[in-house]
Amino acid sequence: MPKPKPLANDFDFATILPDWYVNQATQELERVFLFKDFKGAFEFMTLCANKAEELDHHPDWSNSWNTVSVRLSTHSMKALTDLDFTMASAMDQFAIQVLS
């Protein structure tokens, strides 16, 4: 697998990933996903887990009933990278899919 590429300093998170919070101090993307019930949250996590395995890039996350809290970062680079962007984008799409 190719080495992750750091995102540009001027990467426009607000436009490209509007539902994510960028924690500059920890170099993490953070988001809380809310679903109708536990089953929806679990379906979302299963889709994300499969993508994470495909990318070999795994989120730090927790689940409580219908809520999934996520943090993404490329710890090995101590930066946000294209892997974080790819995973965040996939998670956004999976949430739309599950909520539809």
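So, what covers the buried residues of α3? Quick caveats before I get to that: this is a predicted model, where local features need pLDDT of at least 70 and side-chain atom pairs count only at pLDDT 80 or more, while totals for chains, interfaces and linings use all residues. Numbering runs from 1 along each chain as its sequence is written, and side-chain values use heavy atoms, with hydrogens and water left out.

Okay, α3. Helices here are DSSP runs of H or I, at least four residues, and strands are runs of E, at least two, numbered from the N terminus. The cover over the buried residues of α3 includes β2 (28-34), α2 (38-55), β3 (60-64) and β4 (67-72). Buried means under 20% relative accessible area with a 1.4 Å probe, protein chains only. Among those buried residues of α3 are Leu83, Met87, Met91, Phe94 and Val98, and also Asp84 and Asp92. In an α-helix there are 3.6 residues a turn, so residues three or four places apart point the same way.

Now Asn23, which sits in strand β1 (residues 21-23). Asn23 counts as buried because its relative accessibility is 16%. Leaving aside neighbours within four places in sequence, Asn23 is in contact (heavy atoms within 4.5 Å) with Glu28 and Glu30.

Last, the lining of the largest pocket. By class it has seven nonpolar, three polar and no charged residues. Nonpolar covers Ala, Val, Leu, Ile, Met, Phe, Trp, Tyr, Cys and Pro; charged is Asp, Glu, Lys and Arg; the others, Gly among them, are polar.

Terms used: Buried means under 20% relative accessible area, exposed over 50%, partly exposed in between (1.4 Å probe, protein chains only).
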